[in-house]
Amino acid sequence: MRIPVRFELNGHAVEVEVAPDRTLLDLLRDTMGETGTKEGCREGECGACTVVVDGRAVNSCLFPAPEIDGTRVLTIEGLSCDHGRLSRVQQAFLDASGTQCGFCTPGMVMTAVAFLAENPAPMDTEIREALTGNLCRCTGYVQIVEAIQLAARRSRDPQA
Amino acid sequence: MTAEAPRESDGHRRFVTTVVEVEGREETKVVELPVSEPEPWGEDARLTVVGRPIPRVDAAEKVTGRARYTADIVRPRMLHAAIVRATIPAGTISEIDVTGAMAAPGVVDAITLEDIPRIRIDGNTLFDRTVKYVGQPVAAVCAETWQAALAAAEIVRVTIERAAHVATFADAIAADAPLVRRSGNVSRSSPSIMERGNVERGLSEADVIVRGAYRTPPALHTAMEPHGAVAEWEGVGDRLTLWESTQGVFRVRDEVATGLGLSRSRVRVIKEHMGGGFGAKNSAGAHTFIAAILARRTGRAVRCVVDRYGEQVDTGHRPESRIHLTLGARRDGTLTAIVADSQVTMGVGGWEASPTAIMHELYGCENVKTTDVYAWVHSQAMDSFRAPGHVEGAFALERGMDTLARALSIDPLRLRLSNVPGRDQEKGRPYSSDRLRECLVEGARRFGWPGWEAPAGLQDSEMRAGDAVGDGMVREVVAGGGIVEAGGGRRLRGIGMAAQVWGAGGGPPAYATIKLNSDGTADVLSGTQDLGTGTRTVLAQIAAESLGSRFEDVRVVLGDTERTPYAGNSWGSMTIASVGPAVRMAGEEVRRRLCEAAAEMLECRPGDLSARGSVISTRDGTRHLTFADVTGKLGNVMIMGHGSRGPNRRDVGLVTAGAQFAEVEVDAETGQVRVIRIVAVHDAGRIINPLLAQSQLEGGIIQGLGLALFEERIIDRATGVPLNPGMHDYKVPTSKDVPMIDATCLPVTDPQANHIGARGLAEPPIIPTAPAIANAVANATGAAVDELPLTPRRVLHAIRSTYA
């Protein structure tokens, strides 16, 4: 059985058919060929597959693909389509060394994007709370928190 | 620097054997002595690219999701493989029925033992009929999609005649225990004894003797990216290309070639990006051979990525250790004897990473005797995990040193300072860099260790802060034991410290080639790997420095056995100290030849020219040519330079040393431990990139914190089944567990180690973290916390048994 879904992916309308047992992660990686979203555990624990659905950061590995119908989805690929220029959060992750092996990075960045939209001037403790669903095994999270803080500062003062 | 011939008998030979230390074990290598190597960059070398905090070169790929990991590799008509695993720990397979799986939608092929050559992994045979652990691969299927392969693997019917198993060290060595290996349940080398001096004499000279029993847990690497490989054969199946998430492309190539009976040059292994390794990705695994074999059978590319369950039950672990330690010392704290007996629970395979090796190295002592026994049990094999052995041994030794300090009523820091060895005691030679004392003193100063100079200018705002220290509680810290109470008694504060030593000097063989492109940019080629550590960036800095070019004009190409020259595994914290000198040597050659070309164009002598920022200038500064000017005029002349790593000097020992200090808060009612802050000071020689060094320090500390407080793979003794084989129940630290971290490296260089002055930094920071935290918990509670991880249950138990 295939279920037709229509949704918006990174600003573009998409119409596809999905099997009912597929997840949003499967849809993005296999059907759409967008491999920027990573699969680290397939059990909703590591957060590497985080994407933003209607403004909310979700684990795409737990999100049933048919449920995506009618939503707006933002993935890591949707952040920097402006002639290769990095978005603010991406640039901050680069500048503050918020990435090491990089496997958790797309999920971290998407969590940060959704979080900063809600809370543009966060405390460090709030950032740490927001990141608890995104595991990283290389960094000590310190530079990731600094990266998100840097992005927040730059949104208030682009020279920061 | 002149490379020393490793053996006198080698005389003036060019191809000599030398010994390289790798993760605490010594490997003999043949090395071609470089004709000449550059003079070392000394303390006063004026370097403009090396030493700068440059963001990593591949960060843009990583933050955009464009960096491709193994699971992102897509080949035309590619199939997906899934592994069928044993669900009981011991027995004999009587039947594997794949007919149901083969009939499932999308399934293309299935393989069992009968379908493959005999392939040995960790001393065991792939798809063996004899089952030795839960999670052991017994078959594999491949299908048009990953989901179809996973579903098909579920319906392969495996019949196993169950046999008795052993899950613990005690069970393994019991009389009449079922055998894990035919040769017995302890390794052939057990007991492995190392002795220096005479410990009986040392103990008789001691004024105080302390004894302790310590335990470190089985820990799982839990890299964010699971193991994986994509295999594709060319032509009529005689050339194999493998994209593999690995710490060693050449090692994987050699193992796959051996396993499949191919000549080595018929296998090409490529590693572009990988999502962490931590020691678990040093070799070809079941997934590698499964992908290669299924690809050959089907004539199509096959991707085999291990799922998270497989990752946690079958890709290696840090083995559980139990160590009995006896320390003898004079009244003034001088160590007179160290006696340690360890028991290591290996699983079904792995190598013997001694947990007591550190007892011979960290502190000065004439009389040291250690005995290691390694047992096989029915669980997944041991594999290297960030400073294998030393992490386990440091916990025992450093807890023991604190117990000794308490017995002697000496400050724990002073006890350590009075036992700094000052030399490589095992080999009777000085260290190339002897700075453990400096690390201890600088760490104490930054931390504000009681009785030490107040931290000059260290404000809370300077700490790499998470939560603020000021929580309204009175904070008292005393060293040397005793209960420290804060804020009314229930929450106890304590401080502790621990030190570290680790061989991280690197060594040969390692090669690099640099080619200058016609636009004046340079490509660095080397067969090493970047696991996420920053190798690409750091090598680009070394290349730019030696070329005299701009950093952004250098591109680094790594990890391809067909197209890059040999470099060894990225293990033992040895990548930069091994490959860095080769890159520098190649860069110097390119610069020399470029200057020769420029001299002809400028009608001057090459010696009158210098290169900086991709511009060649005459000494008087009047005339300039850019690199692109020169290469533009050279047409298709290609300037290339080659570099190789010479042998290490034999008259100095190469170690990275460091010290860490921890402050914790313990809830005396719940046993909950919160780490408030960690101060770390390490000496790794020259730091090529302080930003990336910071990442390594913080990452190592947080893995050490995980080992101290949360991480433990649990196997049910009765059934042999792993109880926490996922990221939900196997707890790695999250962002909320991170304390304030003030981590730094001494601003030094080590010109005796190699001509770039750098040693390794990947493993050292994890070594002292857990003992420093445990010592702080002991300081807070007065309880002997000698078993990791310090879960609330263990901490409460330790408190109750101390005050019962």
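Contact is taken here to mean heavy atoms within 4.5 Å. By this criterion, 46 residues from chain A and 57 residues from chain B take part in the contact between the two chains. The structure is a predicted model, in which local features need pLDDT of at least 70 and side-chain atom pairs count only at pLDDT 80 or more, while totals for chains, interfaces and linings use all residues. Residues are numbered from 1 along each chain as its sequence is written, chains are lettered from A and ligands numbered from 1 in the order in which they are written, and side-chain values use heavy atoms, with hydrogens and water left out.

Between them, chain A and chain B bury about 4,300 Å², with 54% of this area on carbon and sulfur atoms; buried area denotes the accessible area (1.4 Å probe) that two parts lose on being put together, summed over both. Of the area that chain A buries against chain B, 20% is supplied by Gln100(A), Arg128(A) and Arg137(A), more than by any other three residues. The interface between the chains has 4 salt bridges, a salt bridge being a side-chain nitrogen of Lys or Arg within 4 Å of a carboxyl oxygen of Asp or Glu. A salt bridge joins the side chains of Arg29(A) and Asp72(B), with an N to O distance of 2.8 Å.

On the side of chain A that touches chain B, at least two residues each come from α1 (24–31), α2 (88–95), α3 (105–118), α4 (124–130) and α5 (142–156) of chain A. Helices (H or I, at least four residues) and strands (E, at least two) are DSSP runs, numbered from the N terminus. This side of chain A comprises 16 nonpolar, 15 polar and 15 charged residues. In this classification Ala, Val, Leu, Ile, Met, Phe, Trp, Tyr, Cys and Pro count as nonpolar, Asp, Glu, Lys and Arg as charged, and the others, Gly among them, as polar.

Chain A itself is assigned domain 1 (3–78) and domain 2 (82–156), the bounds coming from an automatic or database domain assignment. The centres of these two domains of chain A, taken over C-alpha atoms, are separated by 20 Å. The contact between them involves 16 residues of domain 1 of chain A and 12 residues of domain 2 of chain A. About 1,100 Å² is buried between the two domains of chain A, and carbon and sulfur atoms give 67% of that area. Lys38(A), Thr50(A) and Ile76(A) account for 39% of the area that domain 1 of chain A buries against domain 2 of chain A, more than any other three residues. Between these domains of chain A the count of salt bridges is 0, whereas 3 residue pairs (both at pLDDT 80 or more) are in polar contact. Strand β3 (residues 50–53) of chain A gives the most to the side of domain 1 of chain A that touches domain 2 of chain A, with 3 residues. By class, that side of domain 1 of chain A has 7 nonpolar, 6 polar and 3 charged residues.

Chain B is divided into domain 1 (15–67 + 506–644), domain 2 (169–220 + 317–390) and domain 3 (424–500 + 654–803). Domain 1 of chain B contributes 33 residues, and domain 3 of chain B 23 residues, to the contact between them. Over C-alpha atoms, the centres of domains 1 and 3 of chain B lie 36 Å apart. The area buried between domain 1 and domain 3 of chain B is about 2,100 Å², to which carbon and sulfur atoms contribute 58%. Trp41(B), Glu43(B) and Ser573(B) supply 24% of the area that domain 1 of chain B buries against domain 3 of chain B, more than any other three residues. Across this interface of chain B there is 1 salt bridge, together with 11 residue pairs in polar contact (both at pLDDT 80 or more). On the side of domain 1 of chain B that touches domain 3 of chain B, α13(B) gives the most, with 6 residues.

How values were computed. A polar contact is a pair of N or O atoms within 3.5 Å; within protein, one must be able to donate a hydrogen and the other to accept it, and residues adjacent in sequence count only if both atoms are side-chain atoms.
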